[in-house]
Amino acid sequence: MSKIGETIFSFFMPRVNLMGAGSAKTVGEQAKKFGSKALIVTDAFLAKSGMAEQIVEYVRKAGMEAVVFPGAEPNPTDRNVHDGLKALQDNHCDVIISLGGGSSHDTAKGIGIVAGNGGHIRDYEGLDKMTQPMLPLIAVNTTAGTASEMTRFCIITNTDTHVKMAIVDWQCTPNISINDPLMMMDMPASLTAATGMDALTHAIEAYVSTLATPVTDASALMAIQLISKNLRQAVANGKNFEARDKMAYAEFLAGMAFNNASLGYVHAMAHQLGGFYNLPHGVCNAILLPHVEEFNLIACPDRFVDIAKALGENVAGMSIREAADVAIRSIRQLSKDVGIPSNLAELGVKSEDLRIMAENAMKDACSLTNPRSAKVEDIIKIFQKALICQYGELKKYSEATKTSHSHGRHGAEVHGDNEVLTQEIA
Ligand SMILES: NC(=O)c1ccc[n+]([C@@H]2O[C@H](COP(=O)([O-])OP(=O)(O)OC[C@H]3O[C@@H](n4cnc5c(N)ncnc54)[C@H](O)[C@@H]3O)[C@@H](O)[C@H]2O)c1
Ligand SMILES: [Fe+2]
């Protein structure tokens, strides 16, 4: 472990990122810089919806050939990756375009990784296992969202263990990301809500991460502000261009934050739910988020005050403890407003599976940067709360921390009745 003052922080993102209405039209011109025949990796719905056809048209207009691979399933699997690799090789494609949300981008990254490095996608689980670059990838994003179109993360389900593998490698960052809000206008309300809460989770987990820096903080706080101001509107009226546009920026900013500061227990636990039950990633995150952050609160209460403010809450005159508690309630309110189910039981999660999922969550790479370190029993307790909690039942932070003390952010011991928590906020 490095000494204080000796940790080197890095900042990764694609070299070129195109944003704004109409940016998707340039995909052919962008892809032409890297090859002459594109494999368009997407999912079955987008392949049928006309969106994939639109991309094929843009690519052909630029003088390139295109083949569509519609095999990215939700929570994409190692099988999806190897089916896509076969399509790529059979059709002699030399560039990949992903079209869709996180599932399409992650499948495309997986295909590009194995095409460039050989072997099996499972060989690349963990940090920086690639020795060769992946095939060039242009990611056209349609949800707001996972930010996978601009991250170095590739999340693939291992079909033997049902665990979502985290492949974290700077070499699987897409060459170009495209975020065109016009591609997001037809998202149904439930998908808008789930993917928007995923983006909020990215921003919050990155902001309280042990690897946060002023650079990731700036991105995370702006993302939280934009989400709190625009997610409800985008859910209420999908045709609200302004809200869609701002959500596209928000998910991208949240990506800038977590791509570098990484995540925490929310994602470590949500990955287990996704792998075990094939549940929507954003919904799992949204349900877990307030419970995990309630657990994290005593590690970095001042950070939760910032989060409360970024969520638009007026915390003037409150103690740090009260204001931090407001952040948790505000997250919960947003989830409720956008129609996220109140607990995991509503999604069919069974209490008998919690222990194995908690054990696996502790091994997930995302758990390494959580601000408060937990034991398996703590993770089980968080799962149990999230399993049955109803909206409005969250315990007040002051009650939850009356007697607790723990090892906090960067290992410092933090007491629930710490004097700093009772200082008033100006
Ligand atoms: N690599 C990363 O950095 C990263 C980060 C977070 C999550 N993820 C992963 O991303 C996956 C989730 O991705 P997601 O939440 O974007 O969903 P998704 O890609 O699984 O898509 C969900 C559904 O939405 C549909 N859809 C997508 N765009 C649409 C649009 N514009 N209009 C209508 N329907 C549309 C798809 O066809 C699909 O049926 C999970 O596997 C998760 O683990 C990856
Ligand atoms: Fe996520």
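Q: Hi! Which element gives the most residues to the shell around ligand 1?
A: In this predicted model, that is α5, with 4 residues.

Q: And which other elements give two or more residues to that shell?
A: Besides α5 (102–117), there are α2 (44–49), β7 (153–158), α6 and α10 (281–296).

Q: Nice. Which residues come nearest to ligand 1?
A: The shell has 31 residues, and the nearest of them are Phe 45, Gly 101, Gly 102, Ser 103 and Ser 148.

Q: How does the shell around ligand 1 divide by class?
A: You'll find 16 polar, 11 nonpolar and 4 charged residues there.

Q: Switching to helices: at what angle do α6 and α7 pack?
A: Helix α6 (residues 189–208) and helix α7 (residues 214–236) pack at about 160 degrees, and their axes are 9 Å apart.

Q: So are those two roughly parallel or roughly antiparallel?
A: Roughly antiparallel, because angles over 145 degrees count that way.

Q: Which residues make the contact?
A: From α6, they include Ala 193, Gly 196, Leu 200 and Ile 204. On the α7 side, Ala 220, Ile 224, Ile 227 and Leu 231 are among them.

Q: What classes do the residues of that contact fall into?
A: The contact of α6 with α7 has 16 nonpolar, 3 polar and 1 charged.

Q: Last one: is the crossing left-handed or right-handed?
A: α6 passes α7 in a left-handed crossing.

Notes. Residues are numbered from 1 along each chain as its sequence is written. Chains are lettered from A and ligands numbered from 1 in the order in which they are written. This is a predicted model: local features need pLDDT of at least 70, side-chain atom pairs count only at pLDDT 80 or more; totals for chains, interfaces and linings use all residues. Axes are lines fitted to C-alpha atoms, for helices over the stretch in contact, and angles run from 0 to 180 degrees between N-to-C directions. Angles under 35 degrees count as roughly parallel, over 145 as roughly antiparallel, 65 to 115 as roughly perpendicular and the rest as oblique. A crossing is left-handed if the near helix is turned anticlockwise from the far one by less than a right angle, and right-handed if clockwise. Two residues are in contact if their C-beta atoms, placed from the backbone, lie within 7 Å. Ala, Val, Leu, Ile, Met, Phe, Trp, Tyr, Cys and Pro count as nonpolar, Asp, Glu, Lys and Arg as charged, and the others, Gly among them, as polar. A residue is near a molecule or strand if its C-beta atom, placed from the backbone, lies within 6 Å of it.
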